[in-house]
Amino acid sequence: DDGILERNENLSGQNILIGIINMTSFSAMDLGLPSGLKWATCNIGADSPEECGDYFAWGEIKPKDDYSEMNSLTYSKNIATCKNRLWNISGNPKFDAATAQWGEEWRMPTKDEMLELITVCKLEKSVLNDKKGLKITGPNGNSIFLPNNCIYFEKCRIEKDYGIYWTSTPHEGRYISYLLEADRLTTKSRSCGYSIRPVQNPLLP
């Protein structure tokens, strides 16, 4: 049975719904977004929606043991003035872990695409197979689950009670990039390790 046990919670943690949803790893979910963008049902490196998967420094395509400023490939780099004019790494297999690991139809979401996700969709705390996270339900009623995860700073793993997910968009300057933290967009150091939830481009007519 490929069904996954799901329990949604309101903000006070009260159990309000129990059900079974069918989701498979490495597939795209149509949430009915205005852009037509589809979101992956699991993170890179995960085999199911509730798994955290691998962690990546921004602009790197492989996980590692030490997430430091010294070994970061993009920290302190002026991305906007690189020879390849890399103002956004989405879809670039040299810097986008989703494209590098899952293929050219997959990529990291941009800041604007992440903003669309959290403003157009309904967000609610949820539990999926005993893993806490955020259920995101689109206008068409379909949903994805973003598990709570952690931060990798140097060799330290710091557990969080919310999810943190990279976007492909760098902030002005050389040190930080945009990401989703809980239910809002913010910026963090490119050297730290965070999860990535890929997106799939809509099919052209």
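**Close-up views of a predicted protein model**

View 1. An open sheet of 3 strands is arranged in the order 11-12-13, with antiparallel pairing, where strands are DSSP runs of E with at least two residues, helices are runs of H or I with at least four residues, both are numbered from the N terminus, and two strands pair if DSSP finds at least two bridges between them. At the edges stand strand 11 (164-170) and strand 13 (184-189), each of which pairs on one side only. Neighbouring strands of this sheet are turned by 40 degrees against each other on average, direction ignored; for such angles, axes are lines fitted to C-alpha atoms, for helices over the stretch in contact, and angles run from 0 to 180 degrees between N-to-C directions. This is a predicted model, in which local features need pLDDT of at least 70 and side-chain atom pairs count only at pLDDT 80 or more, while totals for chains, interfaces and linings use all residues. Residues are numbered from 1 along each chain as its sequence is written, and side-chain values use heavy atoms, with hydrogens and water left out.

View 2. Strand 11 and strand 12 pair in the antiparallel sense over 4 bridges, and Y165 stands opposite L180 in strand 12. The hairpin of these two strands has 5 residues between the strands, and there G173 takes a positive phi near 110 degrees.

**View 3. Strand 12 also pairs with strand 13, and A182 lies in the loop between them.** Strand 12 (residues 176-181) pairs with strand 13 in the antiparallel sense over 6 bridges, and L179 stands opposite T186 in strand 13. In the loop between strand 12 and strand 13 lies A182, whose phi is near 60 degrees, a positive value in a residue other than glycine. Most residues other than glycine have a negative phi, and most peptide bonds are trans. With a relative accessible area of 29%, A182 is partly exposed.

**View 4. E181, R184 and K188 are linked in a network of salt bridges.** A salt bridge is a side-chain nitrogen of Lys or Arg within 4 Å of a carboxyl oxygen of Asp or Glu, and by this rule the model has 5 salt bridges. Side chains of opposite charge can pair when their charged atoms come close. E181 is buried, with a relative accessible area of 6%, whereas R184 is partly exposed at 46% and K188 is partly exposed at 25%.

**View 5. R107 and E113 form a salt bridge.** The closest N and O atoms of E113 and R107 are 2.6 Å apart. Both partners are buried, since E113 has a relative accessible area of 16% and R107 has a relative accessibility of 11%.

**View 6. Y55, Y67 and Y152 are linked into a cluster by ring pairs.** Rings of Phe, Tyr and Trp (its six-membered ring) pair if their centres lie within 6.5 Å, and planes under 30 degrees apart count as stacked, over 60 as edge-to-face and the rest as tilted; by this rule there are 5 aromatic pairs. The rings of Y67 and Y152 have their centres 5.4 Å apart and their planes at 35 degrees, so this pair is tilted. The pair links distant parts of the chain, with Y67 in the loop between strand 4 (38-40) and helix 1 (97-102) and Y152 in strand 9 (residues 150-153), 85 residues apart. Y67 is buried at 2% relative accessibility, and Y152 is buried with a relative accessible area of 18%.

Key
Buried means under 20% relative accessible area, exposed over 50%, partly exposed in between (1.4 Å probe, protein chains only).
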